[in-house]
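Biologist: Could you show me how to read a model like this one, feature by feature? I would like the general idea each time, and then the case at hand.

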Amino acid sequence: MKDINIAWARELARKTLQDALPRRWEHSLGVGRRAEQLAPILGKDAELLAMSAYLHDIGYAPDLVDVGFHPIDGARYLRDVHGADELLCKLVAHHTCAEIEAGDRGLLDILESEFPKRRTDLVQALTYCDMTTSPDGVPVEAVDRLAEIRQRYGPDDLVTATIAKATPCIMSAVRAVELRMVSADVRPGFTAEVVADAQPHRTIHRIALGLVPAYPAHLA
C-alpha cells in the first residue's frame, strides 16, 4: 500500500480541488492546518485527524460525484480508489454531523451501512476544525461560520434547513473540543469575523481578533 500520511492527504486534496474548486481547496487547507494545531490534545491520533481534515471535502470535486452527497462520495473515493484506512474513510463520511443531512437526503442507510460511525471524539475534532474555518481557510468562531452558511445558501435551500437541525450537534462538538483545549491550555490560532458577501462565492473577513484565549468567553 502507498505511504498514506499528512503530506499525501494534503497533496491529494490539492490535486482534487485546487483547479476545479479553488475556494473549497482554500477551506480544506485551512481545516487541515486547524487540525494540525490540535496535535497536543490528540496524541497518537493527531496524524489521522489531520489527514481527515485535509480530505474531508474532496467529495465535492465534480469527478468524484456519485450519490451527490460529498461525505459519502469522498469516503467512497478514498476507500475504493486509494485503499485508505477504514477509520479515515469513516471520519470523512461523518464529518460535521453528516448523518443529519444524509437523513434529509434519503441516504442515511447508505452512510450507516458502508461507513458505520466510529470514534466520536475524532468526529467531534474534525467537526470543530471544519466549523471554525471559513470558506476561505481563515479561522473563525463557529457561530459566525453557521451564520455565513445560512446566508450563503439562503432560506429555501436544503443545506440551510439541515444546518439548523445540525446546529446543536455541531455546537456540542465544538464545545467538547474547546473544553479539551482549555484543559491542555491549547490556543489554536487566529480568528476573524466572517461576513457573507452579496456574491455567494465570496466572503469578507473584516476583523482579525487575535489569539483564541485559553478560556473561551462562553466557557467562563
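Modeller: Gladly. Let's start with C97, which lies in the loop between α6 and α7. Helices are DSSP runs of H or I with at least four residues, strands are runs of E with at least two, and both are numbered from the N terminus. This is a predicted model, in which local features need pLDDT of at least 70 and side-chain atom pairs count only at pLDDT 80 or more, while totals for chains, interfaces and linings use all residues. Residues are numbered from 1 along each chain as its sequence is written, and side-chain values use heavy atoms, with hydrogens and water left out.

Biologist: What is the phi of C97 near, and is C97 buried or exposed?

Modeller: Its phi is near 55°, a positive value in a residue other than glycine. For burial, the relative accessible area is compared with two cut-offs: buried is under 20%, exposed is over 50%, and partly exposed is in between (1.4 Å probe, protein chains only). C97 counts as buried because its relative accessibility is 4%. T96 is found in that loop too, between α6 (86-94) and α7 (98-104). The phi of T96 is likewise positive, near 55°, and T96 is not a glycine. With a relative accessible area of 13%, T96 is buried.

Biologist: Which elements make up the chain as a whole?

Modeller: There are eleven helices and two strands. Of the 220 residues in the chain, 52% are buried.

Biologist: Which residues have the most contacts inside the largest nonpolar core?

Modeller: The general idea is that in soluble globular proteins, nonpolar side chains tend to be buried together. A nonpolar core here is a set of buried Ala, Val, Leu, Ile, Met, Phe, Trp, Tyr and Cys residues joined through side-chain atoms within 4.5 Å. The largest one has 61 residues, and those with the most contacts inside it are W8, L38, L42, L55, I58, L78 and I170. A contact is a pair of heavy atoms within 4.5 Å. Neighbours within four places in sequence aside, L78 is in contact with W8, L12, L55, I58, G83, A84, C89 and V92.

Biologist: How do I check the geometry of a helix, and what end-to-end distance does α2 have?

Modeller: Expect a span of 1.5 Å times one less than the number of residues. Helix α2 (residues 22-36) has 15 residues and should span 21 Å, and its end C-alpha atoms are 21 Å apart, so the two agree. Among the buried residues of α2 are W25, L29 and V31, along with R23, H27 and R34.

Biologist: Where does H27 make its contacts?

Modeller: H27 is found in helix α2, and its relative accessible area of 1% is why it counts as buried. Beyond four places in sequence, its contacts are H56, D57, D130, T133, S134, P135, D136, G137 and R145. H27 and D57 are 30 residues apart in sequence, with C-alpha atoms 8.9 Å apart.

Biologist: Which other charged side chains should I look at?

Modeller: R76 touches D66, V67, V81, I110, E114 and F115, not counting residues up to four places away. E101, in helix α7, counts as buried at 14% relative accessibility. E112 is found in helix α8 (residues 108-114), and counts as partly exposed because its relative accessibility is 44%.

Biologist: Last topic: how much space lies in the largest pocket, and which residues lie nearest its centre?

Modeller: Rolling a probe the size of a water molecule over the atoms shows where empty space is left. On a 1 Å grid over the protein atoms alone, a pocket is an open set of points where a 1.4 Å probe fits, with protein on both sides within 12 Å along at least five of seven lines; lining residues have an atom within 4 Å of a point. Grid points are joined across faces, edges and corners, and the volume is the space filled by probe spheres set on them. The largest pocket holds about 690 Å³. It is lined by 35 residues, with R24, Y60, H70, Y153 and V159 nearest its centre. The largest share of that lining, five residues, comes from α11.
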